[in-house]
Amino acid sequence: MSVDNTTTMIEAETAAALPALLARSYARYSNFTVAAAVIDDEGRVHLGVNVENAAYPSGTCAEQTAIGAMVTAGSRRIARVLIAAGSNAVVQPCGACRQRIAEFAADDCEIVSVQDGAPTTRKTFWSLLPDSFGPRDLD
C-alpha cells in the first residue's frame with residue numbers, strides 16, 4: 001500500500017489528536033474509552049468517540065460516531081479508519097463496526113491502530129471482513 005506525503009501528514013496529525021479526544025468519550029459503564037477518526041477519500045477527517053448508555057449495550061462505538069459525522073458532512077467513501085483506546089492497546093473494530101465500515105469502505109481502505117498518538121498497526125480493512133455481504137451485493 002503506498003501512502004503519499006499528504007496522506008501521511010493527515011494521518012500523523014490525526015493520530016496525534018486522538019489521545020486528547022479520548023477525554024470526550026462517555027464510557028461510564030465499561031470505562032473503556034475509544035476515539036476514532038475516519039479519513040474520507042478526499043482526505044477530510046471525521047472524528048468520533050464511544051458513547052455508552054444505561055441500557056447497555058445500546059451505546060455507540062467511536063467508529064460508528066465517526067462514520068455518522070462523515071455521512072453528515074456529505075462524504076460516502078472511507079479511505080482509512082484510525083482507532084485509539086484509552087488503554088493504549090492495539091484495538092480493531094468490533095464485528096458490528098466492521099459491517100458499518102464495509103458500507104462505505106474503499107477497495108484499499110485501511111484500519112490503523114494508534115498508540116501514544118502515533119499510527120502503529122495497519123491492516124487492510126477487507127482482510128478483517130472477507131466475503132462480506134454489502135452494497136456490492138445489492139447493485
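## Inside a predicted fold

I111 sits in strand β4, which spans residues 105-115. The model is predicted. I111 counts as buried because its relative accessibility is 0%. Which residues does I111 touch, leaving out those up to four places away in sequence? They are V81, I83, Q92, P93, I101, T121, R122, K123, F125 and L128. A79 is 32 residues from I111 along the chain, yet their C-alpha atoms are 9.0 Å apart.

**Two helices**

Helix α1 runs over residues 5-21 and includes T14. T14 has 7% relative accessibility, so it counts as buried. Beyond its neighbours within four places in sequence, T14 is in contact with A37, I39, V45 and L82.

Helix α2 covers residues 62-72. Its residues A62, E63, A66, I67 and M70 are buried. Why do they lie on the same side of α2? They do so because they cover an arc of only 135 degrees around the axis. The elements that cover these buried residues include strands β1 (34-40), β2 (45-49) and β3 (78-85), along with helix α3 (95-104). After α2 comes G74, with a positive phi near 100 degrees.

**Cysteines without a bond**

A disulfide is a covalent bond between the sulfur atoms of two cysteines. How many disulfides does the structure hold? It holds zero. C94 is in no disulfide, and the nearest cysteine sulfur, in C97, is 3.8 Å away. C97 has its closest cysteine sulfur in C61, at 3.7 Å. That is too far for a bond, because a disulfide needs the two sulfur atoms within 2.5 Å.

C97 has 0% relative accessibility, so C97 counts as buried.

**The largest pocket**

Rolling a probe the size of a water molecule over the atoms shows where empty space is left. The largest pocket holds about 320 Å³ of space. It is lined by 20 residues, and the closest to its centre are F32, V34, N50, C61 and A62. Two of these names have come up before. C61 has the sulfur closest to that of C97 among the cysteines, and A62 is one of the buried residues of α2. What kinds of residue make up the lining of the largest pocket? It has 12 nonpolar residues, six polar ones and two charged ones.

**Out in the loops**

P57 lies in the loop between β2 and α2. The C-alpha atoms of P57 and Y29 are 9.8 Å apart, while the two residues are 28 apart in sequence. D116 belongs to the loop between β4 and β5 (118-124). D131 is in the loop between α4 (125-128) and α5 (135-138).

What is the phi of D116? It is positive, near 55 degrees, in a residue other than glycine. D131 is not a glycine either, and its phi is positive at about 55 degrees.

| Residue | Relative accessibility | Class |
|---|---|---|
| P57 | 71% | exposed |
| D116 | 67% | exposed |
| D131 | 83% | exposed |

Notes:
Residues are numbered from 1 along each chain as its sequence is written. This is a predicted model: local features need pLDDT of at least 70, side-chain atom pairs count only at pLDDT 80 or more; totals for chains, interfaces and linings use all residues. Side-chain values use heavy atoms; hydrogens and water are left out. Buried means under 20% relative accessible area, exposed over 50%, partly exposed in between (1.4 Å probe, protein chains only). Helices (H or I, at least four residues) and strands (E, at least two) are DSSP runs, numbered from the N terminus. The arc is that of the directions from the helix axis to the C-beta atoms. Contact means heavy atoms within 4.5 Å. On a 1 Å grid over the protein atoms alone, a cavity is a set of points where a 1.4 Å probe fits but cannot get out, and a pocket is an open set with protein on both sides within 12 Å along at least five of seven lines; lining residues have an atom within 4 Å of a point. Grid points are joined across faces, edges and corners, and a volume is the space filled by probe spheres set on the points. Ala, Val, Leu, Ile, Met, Phe, Trp, Tyr, Cys and Pro count as nonpolar, Asp, Glu, Lys and Arg as charged, and the others, Gly among them, as polar.
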